[in-house]
Amino acid sequence: MFSLFKKKAPAAPLWQAHEYLAVVEEGLLPAQASARDVDTVLAWAKDRWDDLELGLFQPMITRCLAQEVAPFYQQWEEAGEIPRSLWLALGAAGLLGIDLAEAYGGSEADIAITQRVLEEMSRQGFGGLASAYNIHANIVMPYVQRLGTPGQKEKWLPRMALGECLGAIAMSEP
C-alpha cells in the first residue's frame, strides 16, 4: 500500500514513515513539505497511536508475541522457517486481517493497528516475522480485497484472516 515515497521520508520509526506517507498520499500534506510540516505530520501521527482503539489492541499484541513468538523465535530463525501453527495462532487472536472487511473475517479496524503489530514485531527483534507479516497483511490481503473478483475474495480472504493460507509475492526477471 505504501510502496513508493513521493519524497524521501524522514528518518523515523516505522509508524512515522507510514503515517507520513498516508498523509502525503491523502493530499493532507504536499510532497514538497518543509521539515516543519513533516514534524507537524509526525506529531499528528503519534497522537493517532494513543487512540483508544489502539490502546485496546496493544496489550493483546504484546501478550500474543510474548507467548507465541518469543520462546521459539531463535529456533525458527535457525531453521529458516516460521511454523504454520504461529499463523493459525495469529489468526485466532485476530491479528491477521485487522483492517479487512468483516464480511471476510476482518475487524475493519484502522490500518494503524496493523502497523502497530508490525512495529511491535520489529521492536522485539522479530525481523523475519515482521517481513512475512507485512507481505501477508499489508500487501497481499489488501490487493485481493481491492482487486480480486468476488469469488477470489470469498475463497481466499477468510482463510488468510484465519492464517489457514498465507499471502506471498513471487517475482522473476524476463
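A search of the whole structure finds 3 aromatic pairs, where rings of Phe, Tyr and Trp (its six-membered ring) pair if their centres lie within 6.5 Å, and planes under 30 degrees apart count as stacked, over 60 as edge-to-face and the rest as tilted. Before the details, a word on the source: this is a predicted model, in which local features need pLDDT of at least 70 and side-chain atom pairs count only at pLDDT 80 or more, while totals for chains, interfaces and linings use all residues. Residues are numbered from 1 along each chain as its sequence is written, and side-chain values use heavy atoms, with hydrogens and water left out.

Let me begin with Y73 and W76, whose ring centres are 6.5 Å apart with the planes at 75°, so the pair is edge-to-face. Both residues lie in helix α4, 3 residues apart, about one turn of the helix; helices here are DSSP runs of H or I with at least four residues, numbered from the N terminus. Y73 counts as buried because its relative accessibility is 7%, and W76 counts as buried at 13%, the term buried meaning under 20% relative accessible area with a 1.4 Å probe and protein chains only.

Y73 also pairs with F126: the ring centres are 4.8 Å apart and the planes stand at 50°, so this pair is tilted. The pair links distant parts of the chain, since Y73 is in helix α4 and F126 is in the loop between α6 and α7, 53 residues apart. F126 is buried as well, with a relative accessible area of 6%. Taken together, ring pairs link F72, Y73, W76 and F126 into a cluster.

Now to the cores, a nonpolar core being a set of buried Ala, Val, Leu, Ile, Met, Phe, Trp, Tyr and Cys residues joined through side-chain atoms within 4.5 Å. The largest has 25 residues, of which V69, L90, M121, L129 and Y133 touch the most other members. Helices α3 (52-68), α4 (73-79), α5, α6 and α7 (127-147) each supply at least two residues of this core. A second, separate core of 10 residues includes Y104, M141, M160 and A161.

How values were computed:
Buried means under 20% relative accessible area, exposed over 50%, partly exposed in between (1.4 Å probe, protein chains only).
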